[in-house]
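Please look over the sequence and the structure below before reading on. The briefing is arranged by topic.

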Amino acid sequence: MTDTREPPAAPDSVRWVIRKLERAGFETWAVGGIVRDALVGRPARDGDWDLATRARPEQMRTVFGRVVPIGVEHGTMGVLTRQGMYEVTTFRRDVETFGRRATVEFADDIDEDLARRDFTINAIAWHPLRRELRDPFGGMDDLAAGTLRTVGDARTRFAEDFLRILRALRFAGRFALAIEPNTWAALCEHRRHLADLSPERVREELAKILGCARPSRALSLYAAAGVLPVLYPALARCLSRQEDGQPDSWGVALLTVDIISRSYPLARLACLLGGIGIPSRGVGEELRPEERARMRAAELMERLRYSRADVEGVSALVRALAAGPETGSGPALRRWLRQTRRVDRHHLFRIWIARARLEAARGTPSPESAVQSGWKAVRAELAKDPPLTVADLALSGHDLIEMGMRPGPGFGAVLAHLLDLVLDDPALNRRSILTRRARLYIDARAQASGGPRRPA
Ligand code: ATP
Ligand code: MG
């Protein structure tokens, strides 16, 4: 990364906040991701400005009157402006840190505040009014050279906070940085402690990676740093190498994830987990492959405390992916639609199309057009709104009671039979036809079992 650009142009509201604090005697700087992102040429979003100031929370209250206490004990207040709220945090220094628990105290100096930040590229401050950059740890040089490096001694910094290991891999992937050798050695050395992180933080890191333009870079670094067996053992088992030089299933999944738009992080996640059922050994080995895939995906996501809806959505996708892209036509297609009625089929086809594109890029004759026509067929069939469940039948359980049947197991069998008929031919889904077909079915069953016939 040699393309180093301008520091960010601050919106008026940010300048207003800084001016007000400085007029009251409190030095104030823009810090963190906004400065770094601007320096690598990423456009800033107005809300992303984090400010660091010498003012203590109660002094911010005096300067602005109305502030939102976001984390007063850590010195973070929300300052309201015409263009929205900004987080302003008192300069801090770490007095004691271990794992994720840090005791901080307020400091008077921006350099002290920068010294407690994780990486040199995140430890650059920018003063939009004076147009001054503060870069005591050489973050600009590292950005220009494409290097990710901790502020201070790498071993100490990772031991203070193991989340920094995942942050390092994420930033290196996102900005295509090489991780400086000491930083790399130290993060690998501490990787087993990742097991102590809260599942929510691990999940947030994964979510941020899946929101990047090319998640494969950070995810490859997860693999290279040996993080997968600690955090994602089920995925680590997908890392088997093939001998003919073809990418392994993990490698294929990563390349496919990159092809899917970052607007669909759950589709990307499903794609990443797509091969999770393939190694048959291990949890769920007695299950059918697609059921094993669904189960392992759900287990992984539950462990990371994904919401119930996300677990169900993604694991259903993973299951459908394991079964393959053959959707068929006519009755077969309708049965497939019935099977996948709780699956986000848009996502499913996004993934299949991405896989097809990848294969084409690797020189295999592209089945993309087949997948595209499958998608067309799916949409055309759905547009006809065919009956796919018992609830869609033109004949209800009520009607069966009126025909003299009693609710019970036989009931379900009649309805399943009728559904089977209309899946074959949706034109049969009319009350008169289904009534006749139900009678025939009931009679046939009664005869077969030698039981009494239905009342005349
Ligand atoms: P992004 O929000 O785009 O992921 P960011 O750099 O803004 O990137 P945040 O998590 O929002 O990341 O943190 C803001 C800043 O706070 C970072 O740039 C860094 O200076 C500091 N920081 C955040 N987390 C840590 C940490 N675990 N250890 C040390 N410094 C940190
Ligand atoms: Mg941020």
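What follows covers the surroundings of the ligand and then the pairing of strands.

The model is predicted, and ligand 1 sits in its largest pocket. The shell around ligand 1 divides into 10 charged, 3 polar and 1 nonpolar residues.

**The shell around ligand 1**

- Among the 14 residues around ligand 1, those that come nearest are Arg 36, Asp 161, Arg 164, Arg 167 and Arg 170.
- At least two residues of this shell are supplied by helix H2, which spans 33-39, and at least two by helix H7, which spans 163-174.
- Helix H7 gives the most to the shell around ligand 1, contributing 5 residues.

**Polar contacts and cover**

- In the side chain of Arg 170, a polar atom lies 2.8 Å from an oxygen atom of ligand 1, while for Arg 167 the distance from a side-chain N or O atom to an oxygen atom of the ligand is 2.9 Å.
- The side chain of Arg 117 also has an N or O atom 3.0 Å from an oxygen atom of ligand 1.
- On its own, ligand 1 has 590 Å² of accessible area, of which the protein covers 74%.

**Strand pairing**

- Strand S1 (residues 28-31) pairs with strand S2 (residues 50-53) in the antiparallel sense over 4 bridges, and within this pairing Trp 29 stands opposite Ala 52 in S2.
- Strand S2 also pairs with strand S5 (residues 84-90), here in the parallel sense and over 4 bridges, with Thr 90 in S5 as the bridge partner of Thr 53.

How values were computed
Residues are numbered from 1 along each chain as its sequence is written. Chains are lettered from A and ligands numbered from 1 in the order in which they are written. This is a predicted model: local features need pLDDT of at least 70, side-chain atom pairs count only at pLDDT 80 or more; totals for chains, interfaces and linings use all residues. Side-chain values use heavy atoms; hydrogens and water are left out. A residue is near a molecule or strand if one of its heavy atoms lies within 4 Å of it. A polar contact is a pair of N or O atoms within 3.5 Å; within protein, one must be able to donate a hydrogen and the other to accept it, and residues adjacent in sequence count only if both atoms are side-chain atoms. Accessible areas come from the Shrake-Rupley method with a 1.4 Å probe; for residues, only the protein chains shown count as cover. On a 1 Å grid over the protein atoms alone, a cavity is a set of points where a 1.4 Å probe fits but cannot get out, and a pocket is an open set with protein on both sides within 12 Å along at least five of seven lines; lining residues have an atom within 4 Å of a point. A molecule sits in a cavity or pocket if more than half of its atoms lie within 2 Å of its grid points. Ala, Val, Leu, Ile, Met, Phe, Trp, Tyr, Cys and Pro count as nonpolar, Asp, Glu, Lys and Arg as charged, and the others, Gly among them, as polar. Two strands pair if DSSP finds at least two bridges between them.
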